[in-house]
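Visitor: I am new to this structure. Could you show it to me and walk me through it?

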Amino acid sequence: MMIKKDVVVGIGEVLWDLLPQGKQIGGAPANFAYHVSQFGLNGCVASAVGNDLLGTEIIENFKDKGLNCIIERISYPTGTVQVEIDDAGIPKYEITKYVAWDNIPYTAELEALAKNTKAVCFGSLAQRSAVSRNTINRFLDTIPRNEDSLVVFDINFRQDYYDKDIICKSMERCNILKINDEELVELGNMFGYEDIDFQDKCWILLEKYKLKTLILTCGINGSYVFTPGKVYFQATPCVKVEDTVGAGDSFTAAFVSCLLKGKSVEDAHLAAVQTSAFVCSVKGAMPVLPLQYVK
């Protein structure tokens with residue numbers, strides 16, 4: 001890949017979601033980078049796959065989508081996740097261990113990407129292993145930091161693949177925190193905030209970690225965006241849900257893309273809500289977005 005300036009990167013897990021209707025490419029960083037690209041920005045996914053057919057299929061799929069990627073081929077199997085969808089369209093995940101994205105190497109190409117990164121999104125899941133955690137942290141420490149740079153930590157509590165130390169250090173490195181209502185409850189328990197109102201929890205986290213923004217999504221109950229001194233709310237559009245896989249990632253991608261395009265927080269929030277609602281209304285995490293959403 002030729003490294004360009006002002007890249008918007010999703011770094012971490014890339015994998016196959018093994019859904020009831022068949023396998024689909026997934027992983028929050030890949031979903032994020034794909035949707036950022038649909039908004040006309042220079043999106044890129046950074047990860048690792050195995051020297052196997054599943055890995056080849058991922059790379060070829062990204063090429064077909066026109067998605068830039070730095071994907072290392074290594075001697076671990078390509079990641080897979082068994083996904084079961086309940087009657088409400090909510091996914092349940094069983095994530096395979098000891099796979100390629102647990103062992104993302106920090107390479108010269110990845111360092112060059114970091115030096116040209118305008119915004120990045122990372123999560124907690126890919127930090128379950130020391131190798132990928134070290135690579136992600138080195139990447140975050142290398143990207144240029146200025147008033148306009150966006151570093152998004154999208155918490156994803158999956159099974160037991162997280163701990164308080166990883167969460168704290170990640171929140172210290174980010175300036176935007178993305179969390180859902182269930183994750184906020186878990187985070188509150190982790191920090192001893194059990195008896196505190198959900199909005200107060202958000203204000204505490206915003207101040208404690210000196211965040212630009214905290215995004216709280218609450219499923220059908222809407223979403224909130226907290227900034228210093230102001231909170232925004234958007235109701236969730238009513239759509240027929242096919243599945244919610246990747247909806248949160250599309251929300252984050254739309255929000256970040258709109259901010260980078262110079263739109264207001266309020267407009268970015270509205271675009272994020274509309275985008276994620278559309279993704280919920282179709283199958284899979286990487287649908288083609290309607291043109292009116294990505295203008």
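Visitor: Which order do the strands of the four-strand open sheet have?

Guide: Welcome! This is a predicted model, where local features need pLDDT of at least 70, side-chain atom pairs count only at pLDDT 80 or more, and totals for chains, interfaces and linings use all residues. Residues are numbered from 1 along each chain as its sequence is written, and side-chain values use heavy atoms, with hydrogens and water left out. Helices (H or I, at least four residues) and strands (E, at least two) are DSSP runs numbered from the N terminus, and two strands pair if DSSP finds at least two bridges between them. The pairing in this open sheet is mixed, and the strand order is S3-S2-S6-S7.

Visitor: Which strands are the edge strands there?

Guide: An edge strand of this sheet pairs on one side only. From one strand to the next, the twist averages 30°. The two edge strands are S3 (22-26) and S7 (91-95).

Visitor: What is the bridge partner of Leu-15 in S3?

Guide: Strand S2 covers residues 15-19, and S2 and S3 pair in the antiparallel sense over five bridges. For Leu-15, the partner in S3 is Gly-26.

Visitor: What angle does helix H2 make with S3?

Guide: H2 (residues 53-65) packs on this sheet and touches S2, S3 and S6 (79-85). Axes are lines fitted to C-alpha atoms, for helices over the stretch in contact, and angles run from 0 to 180 degrees between N-to-C directions. Between the directions of H2 and S3 the angle is about 60°.

Visitor: Why is one side of S5 and of S13 left without a neighbour in the nine-strand sheet?

Guide: This open sheet runs S5-S4-S1-S8-S9-S10-S11-S12-S13, with mixed pairing. S5 (68-74) and S13 (230-234) stand at its edges, so one side of each has no neighbour in the sheet. The reason is that each has a single partner strand.

Visitor: In S9, what is the bridge partner of Gly-123?

Guide: S8 and S9 (residues 150-154) pair in the parallel sense over five bridges. Within S9, Gly-123 has as its partner Asp-154.

Visitor: Is Arg-128 buried or exposed?

Guide: Arg-128 sits in the loop between strand S8 (117-123) and helix H4 (130-142). A polar atom of the Arg-128 side chain lies 2.6 Å from the backbone oxygen of Thr-96. Buried means under 20% relative accessible area, exposed over 50%, and partly exposed in between (1.4 Å probe, protein chains only). Because its relative accessibility is 18%, Arg-128 counts as buried.

Visitor: How many disulfides does the structure hold?

Guide: A disulfide is a pair of cysteine sulfur atoms within 2.5 Å. The sulfur of Cys-44 has its closest cysteine sulfur in Cys-69, 6.7 Å away, which is too far for a bond. Cys-121 is in no disulfide either, as the nearest cysteine sulfur, in Cys-174, is 10 Å away. The number of disulfides is zero.

Visitor: Which residues touch the most other members of the largest nonpolar core?

Guide: A nonpolar core is a set of buried Ala, Val, Leu, Ile, Met, Phe, Trp, Tyr and Cys residues joined through side-chain atoms within 4.5 Å. The largest core has 53 residues, and its largest share, four residues, comes from helix H6 (residues 181-191). Those touching the most other members are Phe-139, Leu-187 and Leu-214.

Key: Polar contact = N/O pair within 3.5 Å; in protein donor to acceptor, adjacent residues only side chain to side chain. Contact = heavy atoms within 4.5 Å.
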